[in-house]
Amino acid sequence: MEKNLYGLLAEFDTPTELVDAANSVREAGYTKTDAFSPFPLHEIDEALGIKKSILPVLVFFGGIAGLCLGLGLQIFVHYIDYPLNVGGRPYLTWPSFIPPSYELTILLAGFTAVFGMLFLNGLPRPYHPVFNVPRFALATREKFFLLIETADPKFDENTRSFMESLKPQEVFDVEE
Amino acid sequence: MQDLKRIQQKIYPPMVEGDHTFGTVSDKIGDVTLKKKTPFHWFIGFGIAFMVAQCLLMTVGYLLAKGMGIFGNNQPVGWAFPIINFVWWIGIGHAGTLISAILLLLNQKWRTSINRFAEAMTLFAVANAAVFPLLHTGRPWLAAYWLFPYPNTMGVWPQFRSPLVWDVFAVSTYATISLLFWYVGLIPDLATLRDRAKNKYFKAVYGLLSWGWRGSARHWHRYEIAYLLLAGISTPLVLSVHSIVSFDFSVSQVPGWHATIFPPYFVAGAIFAGFAMVLILCIPLRVWYNMKDFITDTHLVYMGKVMLATGLIVVYGYAMEAFFGWYSASQYEVFMIKNRIWNGPYWLFYWMLIFCNGISIQFLWFKRFRESPFWLFIISIIVSVGMWLERFVIIITSLNRDFLPSSWAMYSPTIFDISMFIGTLGFFFSLIYLFVRFLPIISIFEVRTLLPSANVHGRQQDFDESVLEVEYTWERTDPPNK
């Protein structure tokens with residue numbers, strides 16, 4: 001059975017080579033690209049034109065939601081549902097509501113940061129076409145990879161020779 | 001150029017020693033879990049720790065069958081061993097979060113190779129801490145309604161104005177966030193183990209746990225943001241948790257507890273105790289698993305310095321406690337201080353505490369002790385004992401003689417108090433042993449970033465040398481000959 005091509009994967013030895021190649025790929029006009037490295041590389045964001053993530057905004061609102069939940073819960077309990085007169089002190093003792101509200105703010109912000117990151121990354125995803133390349137196992141070890149997908153509007157039969165011109169160790173076909 | 005190198009070594013001591021590449025780093029750390037035969041000492045150590053952990057199981061079983069009466073708690077010492085041990089364990093946890101979060105925000109590169117097992121230590125310490133207040137309620141299954149706000153048939157709610165309820169929120173949030181932080185840090189390393197595992201079951205388990213991580217640049221981008229944000233929110237969290245633990249005491253009116261110094265003093269004590277525990281764990285670990293390349297002598301020296309600094313804050317806290325007692329001019333406070341230091345039945349514990357936390361750390365001023373793993377290990381053990389004594393002194397000596405002489409009473413622990421505490425020690429070390437066996441003890445991907453080859457265009461290095469030239473001109477008047 002003929003297998004569909006998902007994209008082309010080039011292997012590099014050093015982070016510098018990967019970033020240089022990524023720069024050339026972006027300048028050539030490819031957009032459906034991705035890079036894989038065994039550790040975070042800050043330079044690659046610029047090289048591939050990765051936009052800043054919306055995650056911090058989500059985390060901010062996650063924190064605000066936690067704050068409202070905490071304050072709302074305690075105001076409901078001690079002011080609305082079951083007001084308890086303790087020596088004639090006020091019911092709405094907001095300073096003593098701060099610690100639980102503060103902890104809930106942090107809890108929900110933390111949940112948003114972790115699960116938001118996984119959700120935006122599309123994880124968990126146990127299968128991905130790049131895993132079909134046996135050498136790709138080294139992406140979590142010591143090698144650097146650059147991918148151009150066939151779905152890219154600029155992808156054609158010349159892409160392969162273009163990738164080889166970037167001086168990679170090797171260029172692999174990634175099967176769907 | 002030679003001089004430059006030497007100065008560079010002095011200002012920026014290398015955090016990874018030996019000739020390492022991305023591959024050898026992955027192998028060296030990953031092979032402990034994947035390839036190497038489990039060393040014999042692992043079985044011995046785990047066996048002993050696991051047997052000791054049975055003390056906990058037996059005590060808890062007996063406690064649930066018999067009730068709180070098996071412990072030595074009495075009136076007026078209603079809070080005794082359980083709260084001492086709770087505060088001790090939760091304090092130990094704080095160093096893990098400090099290393100992983102605060103030092104990350106401060107861009108301290110030396111945190112990288114110790115953060116993973118320090119975070120594991122945090123998790124296990126918090127798990128042990130939680131056992132005590134939970135079982136101290138006597139029948140934990142009936143305690144839920146005043147600990148957690150859920151609509152119940154009695155129509156009552158927890159008292160949110162009480163520090164004890166704050167504590168429930170603080171500790172449960174702390175445990176959850178620590179777990180998330182630790183797990184997020186593990187994801188890329190679990191993917192490394194997945195790709196290196198030969199055994200198909202290991203591959204499947206690590207594959208499941210790593211959630212299909214593939215090191216994509218877009219993923220790394222969001223990953224780093226999430227990690228940094230987690231560090232940002234964990235930093236105030238860790239400070240708030242021990243402050244709230246200290247509110248359990250300082251919000252009350254009991255002489256010896258009712259002091260404004262408590263929150264900062266408790267937080268410093270927690271970090272102090274935690275670094276001692278990190279040193280106790282990492283000094284043998286780096287020898288047994290041959291990790292001296294990653295946990296270098298420099299790391300130990302830095303930890304010793306943090307221990308000295310936080311220890312001095314704690315000593316300042318002791319001085320202030322005594323000063324507050326005198327300055328308050330309240331006869332109860334003055335009496336408490338006298339009772340604690342020389343006039344009371346527990347005076348010996350106070351002086352043991354001063355020896356352990358005040359005097360022993362003074363040796364860390366000297367290079368000879370700071371740079372010797374042996375002495376650091378010994379001092380760390382003394383400090384751990386000292387921090388336990390600190391809680392003993394604060395809790396027992398304040399409660400056993402409070403306002404009314406007619407209600408004074410002595411406190412002594414029963415065998416079950418002691419077996420429960422020893423049991424948690426066994427449980428803690430069993431968990432540490434399991435962690436060392438099945439998960440990478442050092443963050444592999446973060447160590448890779450420390451290697452010089454991880455710099456794109458060697459930009460980092462250019463920067464460092466320009467800094468060095470400035471330093472160099474300060475040291476010598478003539479400019480270096482390049």
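In the predicted model, chain A contains an open sheet of 4 strands, arranged in the order β2-β3-β1-β4 with antiparallel pairing. The edges of this sheet are formed by β2 (33-36) and β4 (170-175) of chain A, each of which pairs on one side only. On average, neighbouring strands of the sheet are turned by 25° against each other, direction ignored. In general, the strands of a sheet pair through backbone hydrogen bonds, in either a parallel or an antiparallel manner.

Within the sheet, strand β1 (residues 5-12) and strand β3 (residues 144-149) of chain A run antiparallel and are joined by 6 bridges. A:Ala10 has A:Leu146, in β3(A), as its bridge partner. Helix α1 (residues 15-27) of chain A lies across β1, β2 and β3 of chain A, and α1 runs at about 15° to β3(A).

Chain A also forms an interface with chain B, in which 55 residues of chain A are in contact with 53 residues of chain B. On the side of chain A that touches chain B, at least two residues are supplied by each of α1, β2, α2 (42-48), α3 (55-81) and α4 (94-120) of chain A. The largest share of the side of chain A that touches chain B comes from α4(A), with 16 residues. Classified by residue type, this side of chain A comprises 36 nonpolar, 12 polar and 7 charged residues.

Methods: Residues numbered from 1 in each chain as written. Chains lettered and ligands numbered in written order. Predicted model: local features only at pLDDT ≥ 70, side-chain atom pairs only at ≥ 80, totals over all residues. Pairing = 2+ DSSP bridges. Axes fitted to C-alpha atoms, helices over the stretch in contact; angles between N-to-C directions. Contact = placed C-beta atoms within 7 Å. Nonpolar A, V, L, I, M, F, W, Y, C, P; charged D, E, K, R; others polar.
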